[in-house]
Amino acid sequence: MLDYRCWARGIDRSKKVMDPSLPCYILFVLIGCVQSSFGNPHQHNDTRHYEYCVLGAGPAGLQMGYFLNKAKRDYIILERNSGPGSFFNEYPRHRKLISINKIHTGRQNREFNLRHDWNSLLSDKPDLLFKRVSSEFYPPADSFPTYLSVFVKELGLKVRYGVDIGRIRAVQLATGRRYILTDQHAADYMCSVLLVATGLWVPQKVEFVGSDLVEGYESISTDPEDYRNQAVLILGKGNSAFETAQSILGSASRVHMLSSSPVRLAWQTHYVGDLRAVNNELLDTYQLKSLDGLVEARLEKIVIAQRKEQSRRRSGVEKREKKGKLYLTLNKYLQNQGEKNESDVTGEELPGFHYDNFSMRKPYDRVIRCLGFRFNFSVFDGSACPPNSDNAKGRLPGVTAWYEGKNTPGLFVLGTAAHSRDYRSSAGGFVHGFRYTVRAVHRVLEQRHHGEKWPSTRLLTSQLQSWILKRVGEASGTYQMFEVLGDVILLRGSHCEYLEEFPLQALPQLSSLSGHGVSDHGLIVLLMQYGKTKIDFLGRSRAETDWTKAWKSNFLHPVLYYYDTLPTDKDMKLRPHGWPLPRPKAIHHMVEDFLTEWDGPVSHIQPLRRFLEHAVQTDLRSFYAESCFRFSLTHRKPPLFCQHGYLKQQGVAHDHQPWQNVDVAGLTPAETDSDTSEADPALPNYLSGAGASVSSGLKLDL
């Protein structure tokens, strides 16, 4: 190694002539360095290579990590903070989750219980549930990072903490498209598939005159005493805004809330992102006229300003305005905006000067912004950045129906950030929803990169009714992700393939995404949906109980769509407004059930059987062995139940109830994929009314 200190000392003190070969040596070293740095810019010695990179160790990232780990794929989860779920270390600011943690359901069925457990992630460990860390119905926020830490440890997930990715770019190599992630130490991570699960954590802001005088939800004090006897204006009417308002109701003198749209109540819209009852105490104080209130105005048109200090005389008494007060006015009242200090207004520029009954004419001590969060697009360069979504005010990335970024092949968006697919319509932005969409993405990846078909259950056609009833009575994925995920039943004549929780909007791409083809017999799609008619959800006529009017059901209920051919992209674009799927050849609504079990022999089972018979063009009734014996003697082709049961020496004895012999009669699936949901040890009473002669209430003519 060249000793530069000795070389310098020789020049300064000994005045010796430099070795003529030294410049050549230095030039050779420099040329080598340049060649190594420019020869292959994507193969640095410190580049780490993985098949899958998961960005973010929140609930969505860890859920994907579980599926990749279970499939033994080459993956890494990168997290910028020192532990999982770091968002919940700060938010919600007042430390109370509004996700339901219903532990006691009266049932032991794990799949059914997940309908009412909004915090647990999916795994093959039956006890790895959120109730291990909290038993509260609305748990404390600190319990969520604790649960995620347990999830990581017990499943042995590969998470690397302290990796702050500051740049993401895409490169095209001879082997295909790759994504390169660069961290704070200039270390690179290269992967074939990038799974972005960073959530939403950048505060959403709206620029207006005086917005610099506004405090942010992310930095406000959470001590109610700091708001004692203060007038507070909150910008926003979502859960973060009402959470903040509720925390200071007892200490603030008045709380006003302003946004461009009226309050949307979750129990009216069926969207859990709208205002939840647990946060809505201010609605009481507003409607009962106790100083608090709600106002609508476009934030872009308001002005938050301080009034210029001035003296004025009213009724002979001189009053001096306090400098620290904040006033709300409107853009149209400002005079000479380009020449004046935007932080100050005169009395003539306040709304009260023009309209003495202006609702917000009194000053405020504080103005707080609670407008939610947006996706962090800043870490992506042009080669890897997904576009802004068309909805949600562009706060989210635009993704396909299978959650791949538009124009960014190989980059998938998971969790809350992927909510643009079902924004304000389903639960994809929340743990109890995106745990299922993450599983759907993993199944897409398994088919695309490893040739593993979408998991399916092979059923005899005579078993289809029982399996559908089991699913509508317990399945959690279609229940939580209503109108987004649905079960697809591929009819094959005497048997069928049952695919669970497929993304409905991706139905035209079913074959390429799942690896399963559609036969000439067609397909049935089973999903859950709400009624589309606006009603009084607490009125007397809010629910429909008559099975002959099942299509008028207002609350969540199963709907089956029968297609003789696979819908196309054009069909999907031209579907009726508000429909999750294109118009089918036949449709069947199962009337809503107060108990959400859908097991009534007359109201649910019999109409379902008649619909399925219409779709598969065969008799699906159940028969005792004696009846099958008579049919085999008098009919050239006995009913399908007898073909699959009695003629294979699996008939039902007349001295037992039908549901006690489902295994003997061949009513349980012959082949079940290991990834399907768990079932109760015995099927419930689905067959008690199977032989009843009841006319169908189907709505087949659309």
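A charge sits over a ring when NZ of Lys or CZ of Arg is within 6 Å of the ring centre and within 35 degrees of the ring normal. Keep that in mind for the first close-up, and remember that everything here comes from a predicted model.

**View 1. Charged ends sit over the rings of two Trp residues.** Start with Arg583: its charged end sits over the ring of Trp579, 5.2 Å from the ring centre. Now hop over to Lys470, whose charged end sits over the ring of Trp467 at 4.0 Å from the centre.

**View 2. Phe137 and Tyr138 make an edge-to-face pair.** By the ring-pairing rule, the model has 24 aromatic pairs. Here the ring centres of Phe137 and Tyr138 are 5.0 Å apart and the planes meet at 80 degrees, so this pair is edge-to-face.

**View 3. Phe482 and Tyr530 pair up across distant parts of the chain.** This aromatic pair is edge-to-face, with 5.1 Å from centre to centre and 80 degrees between the planes. The two residues are 48 residues apart. Phe482 is in the loop between helix H12 (477-480) and strand S21 (485-491), while Tyr530 is in the loop between strand S23 (523-529) and strand S24 (557-563). Phe482, at 9% relative accessibility, counts as buried, and so does Tyr530, at 17%.

**View 4. Ring pairs build a cluster.** Follow the ring pairs and you'll link up Tyr66, Phe67, Phe87, Phe88, Tyr91, Phe130, Phe144, Tyr147, Phe151, Tyr217 and Phe373.

**View 5. Six strands form an open sheet.** Reading across, the order is S20-S22-S21-S23-S24-S25, and the pairing is antiparallel. Which strands stand at the edges? They are S20 (456-460) and S25 (586-589); each has a single partner strand, so one side of each has no neighbour in the sheet. Neighbouring strands are turned by 20 degrees against each other on average, ignoring direction. Zoom in on S23 and S24, and you'll find seven bridges joining these antiparallel strands. Val525 stands opposite Tyr561 in S24.

Key. Residues are numbered from 1 along each chain as its sequence is written. This is a predicted model: local features need pLDDT of at least 70, side-chain atom pairs count only at pLDDT 80 or more; totals for chains, interfaces and linings use all residues. Side-chain values use heavy atoms; hydrogens and water are left out. Rings of Phe, Tyr and Trp (its six-membered ring) pair if their centres lie within 6.5 Å; planes under 30 degrees apart count as stacked, over 60 as edge-to-face and the rest as tilted. Helices (H or I, at least four residues) and strands (E, at least two) are DSSP runs, numbered from the N terminus. Buried means under 20% relative accessible area, exposed over 50%, partly exposed in between (1.4 Å probe, protein chains only). Two strands pair if DSSP finds at least two bridges between them. Axes are lines fitted to C-alpha atoms, for helices over the stretch in contact, and angles run from 0 to 180 degrees between N-to-C directions.
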